[in-house]
Amino acid sequence: MSQPFTLAPLPWEEDALAPVISARTISFHYGKHHQAYVDTLNKLVEGSNYAEMKLEDIVRATAKATDKKEQTIFNNAGQVWNHDFYWRSLTPARTEPDGKLNSAIAAAFGSRDELIKQLAEAGKTQFGSGWAWLVSRNGKLEIAKTANAGTPMAEGINCLLTVDVWEHAYYLDYQNARPKYLEAVLDRLLNWEFASENLAREGEAVRAAAE
Ligand code: MN
């Protein structure tokens, strides 16, 4: 039995984001939900061409699938990729945007506060499950939101940061108060160094999507 995809290690200890996100939330979110997407993906792709493909390529190849099984592959592959990206979008270290990212933020939003306001709004207004994103198109920063397992990466858009707004991301800590979760996460946990690295890799990310 092929098991090509594995649960990537968290970039910090499970309790590192507390009290904004508790160790209990991370333990369920990473250990149960994220793990389940990995396990389901492995079962779905076993013996198929997808088992030999990179995760990103599976996501892009199935993003517009009409076939039910391929849609299920997309949902699980997208969720594996989105969760890996989400964990790296968060850090307990107080990071700051570097010069290039700072300039891009100023050009697109005027200020980081305005960026955060718009990112929070995207997360609050995503109806049902999904994700809020900071993305870059040709160096121009934008806010995006996607439903369920959707990801701008599938469209060749360079993702800089994401926040999970599925209920499982916040329910144990904030119950139904998604705006409170967003406010705390956006204020305290965003990994601006990760965003800078992603912005710096923009050409590479766009070329990979075009291949
Ligand atoms: Mn999640």
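Helices (H or I, at least four residues) and strands (E, at least two) are DSSP runs, numbered from the N terminus. This is a predicted model, in which local features need pLDDT of at least 70, side-chain atom pairs count only at pLDDT 80 or more, and totals for chains, interfaces and linings use all residues. Residues are numbered from 1 along each chain as its sequence is written, and side-chain values use heavy atoms, with hydrogens and water left out.

**View 1. An exposed asparagine in a loop.** Asn-49 sits in the loop between α1 (23-45) and α2. Is this residue, Asn-49, buried or exposed? Asn-49 counts as exposed because its relative accessibility is 66%. Here buried means under 20% relative accessible area, exposed over 50%, and partly exposed in between (1.4 Å probe, protein chains only). Between Asn-49 and His-83 there are 23 Å in space, C-alpha to C-alpha, and the two are 34 residues apart in sequence.

**View 2. The manganese site.** Four residues coordinate the manganese ion: His-29 (NE2), His-83 (NE2), Asp-164 (OD) and His-168 (NE2), at 2.0 to 2.1 Å. Donors are N, O and S atoms within 2.8 Å of the metal (3.2 Å for Na, K and Ca); water is not among the atoms, so sites may look incomplete. Along the chain, the donors of the manganese ion follow the spacing H-x53-H-x80-D-x3-H. Asp-164 counts as buried because its relative accessibility is 0%. His-168 counts as buried too, at 17%.

**View 3. The largest pocket.** The largest pocket holds about 510 Å³ of space. It is lined by 26 residues, and the closest to its centre are Glu-56, Trp-81, Arg-88, Met-153 and Arg-201. Two or more lining residues come from each of α2 (55-62), α3 (68-89), β3 (158-164), α8 (192-200) and α9 (202-210). Which element gives the most to the lining of the largest pocket? That is α3, with five residues. By class, the lining of the largest pocket has 14 nonpolar, three polar and nine charged residues. Ala, Val, Leu, Ile, Met, Phe, Trp, Tyr, Cys and Pro count as nonpolar, Asp, Glu, Lys and Arg as charged, and the others, Gly among them, as polar. The largest pocket lies between domain 1 (23-89) and domain 2 (99-210), because both give residues to its lining. Domain bounds come from an automatic or database domain assignment.

The search uses a 1 Å grid over the protein atoms alone: a pocket is an open set of points where a 1.4 Å probe fits, with protein on both sides within 12 Å along at least five of seven lines, and lining residues have an atom within 4 Å of a point. Grid points are joined across faces, edges and corners, and a volume is the space filled by probe spheres set on the points.

**View 4. The second largest pocket.** About 170 Å³ of space lies here, in the second largest pocket. Of its 13 lining residues, Arg-94, Thr-95, Arg-112, Asp-187 and Trp-192 are the closest to the centre. Helices α5 (112-125) and α7 (178-188) are the elements that give two or more residues to this lining. The lining of the second largest pocket divides into six nonpolar, one polar and six charged residues.

**View 5. The largest nonpolar core.** In soluble globular proteins, nonpolar side chains tend to be buried together. The largest nonpolar core has 65 residues, of which Ile-21, Tyr-86, Leu-141, Tyr-181 and Trp-192 touch the most other members. Helix α3 gives the largest share of this core, eight residues. The core lies between domain 1 (23-89) and domain 2 (99-210), because both give residues to it. A nonpolar core is a set of buried Ala, Val, Leu, Ile, Met, Phe, Trp, Tyr and Cys residues joined through side-chain atoms within 4.5 Å.

**View 6. Backbone exceptions.** Most residues other than glycine have a negative phi, and most peptide bonds are trans. The peptide bond from Ala-18 to Pro-19 is cis, with omega near 5°. Pro-19 lies in the segment before α1. Asn-138 is not a glycine, yet has a positive phi of about 50°. Its place is the loop between β1 (130-137) and β2 (140-147). Asn-138 is exposed, at 78% relative accessible area. Asn-148, also not a glycine, has a positive phi of about 55°. Asn-148 lies in the loop between β2 and β3, and is partly exposed at 42%.
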